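Please read them beside the coordinates.

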Amino acid sequence: MLYRLGRGDAEVAHEQTLHGLRRLSRVPGAVSALSRTFGSLPAGLERTVFGVRFPSPVGLAAGMDKNGIALPAWRALGFGFVEVGTVTAHAQPGNPKPRLFRLVESEAVINRMGFNNLGSAALAGKLSSYGDLGYPLGISIGKSKVTELEDAVADYVTSLQRLYRFGDYFAVNVSSPNTPGLRSLQDSGHLRELLTALHTEAKALSMGGRGPKPILVKIAPDLTEQAIDELLGVCTDVGVAGIIATNTTIGRSGLAPVDERLAGEAGGLSGRPLTETSAKTVAHIHAETGGALPIIGVGGILDPDDAARLVDAGASLVQIYTGLIYRGPGLVRRTNRHLAQAGIR
């Protein structure tokens, strides 16, 4: 049914799903009913990572609920944490449509959304209307398209300032392929400047509190091991709390023949073709840092075993996005149960 919405336009299905969850969360008793079906968490899943207590290691990746409109419903689907955004200092419409494509036989998605969001000020207003969500909230921040690269640091800092009191951790997105020039911020010089500014601002914003909130960096799966190692060196020097591995890829390997016709669409590829790459990247980061730097593993989780492999590779937490499109919310429940039964910590 969802695939038929908007004459097959994947973005229409995405928006209808979000608004449906938002409406559902406003119906008395609906969230509780949904939680009884999907949201009951097995014992033994709780864990503390970079100082934040998570009821489950299975989270919703950034990009699904950019503007935080359906936040009360995600916990009822079994997610142990949610990452909103990516949000930018300036509101922006994103790239021209169509910009979201299903590659069904490959169990993959190509998107070139372009950080479409209402802006960090609007997100702050939305988050202020919620009470306790019952789970940790991550906030992914990125660079506005209208902001020149030389002004990128101020752009990120503005969003951090506006949203600081609402987030339990912050993800610095420097790896989306859909904002021109953004990935150059993964270069060691640019990254050091950006992370130092954000870390300094977080310290200032937390004065009188328990210390600065965790800042994580989300990296691309297309980096060489040498580039990853250089990036990790910067993250360690600055005091980054963790790494999110990985974002979407600009590669097109692993597609089913019937989906090759869509391979030429610009944007980042997610889903099953990323399963192996994400696991290898997580394993490399874990080995390179000796397990000292927490990792959120994301990319290619379509079955519980995929999540378990990321945890085995060194991830402390995992995130799902494309898997919801091809497996539905039952994937979250099954993954939570699988990790609990396996006793994976």
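What covers the buried residues of α5?

1. This is a predicted model: local features need pLDDT of at least 70, side-chain atom pairs count only at pLDDT 80 or more, and totals for chains, interfaces and linings use all residues. Residues are numbered from 1 along each chain as its sequence is written, and side-chain values use heavy atoms, with hydrogens and water left out.

2. The cover of the buried residues of α5 includes β4 (81-87), α4 (120-127), β7 (137-141), β8 (169-173) and α6 (188-205). Contact means heavy atoms within 4.5 Å. Helices (H or I, at least four residues) and strands (E, at least two) are DSSP runs, numbered from the N terminus.

3. The buried residues of α5 are Ala152, Val153, Asp155, Tyr156, Val157, Ser159, Leu160 and Leu163. Buried means under 20% relative accessible area, exposed over 50%, partly exposed in between (1.4 Å probe, protein chains only).

4. The search of the whole structure gives six aromatic pairs. Rings of Phe, Tyr and Trp (its six-membered ring) pair if their centres lie within 6.5 Å; planes under 30 degrees apart are stacked, over 60 edge-to-face, the rest tilted. Phe50 and Phe54 have ring centres 5.8 Å apart and planes at 90 degrees, so this pair is edge-to-face. Both residues, Phe50 and Phe54, are buried.

5. Trp74 and Phe79 are also both buried. Their ring centres lie 6.0 Å apart with planes at 75 degrees, so the pair is edge-to-face.

6. One aromatic cluster is formed by Phe50, Phe54, Phe81 and Tyr169.
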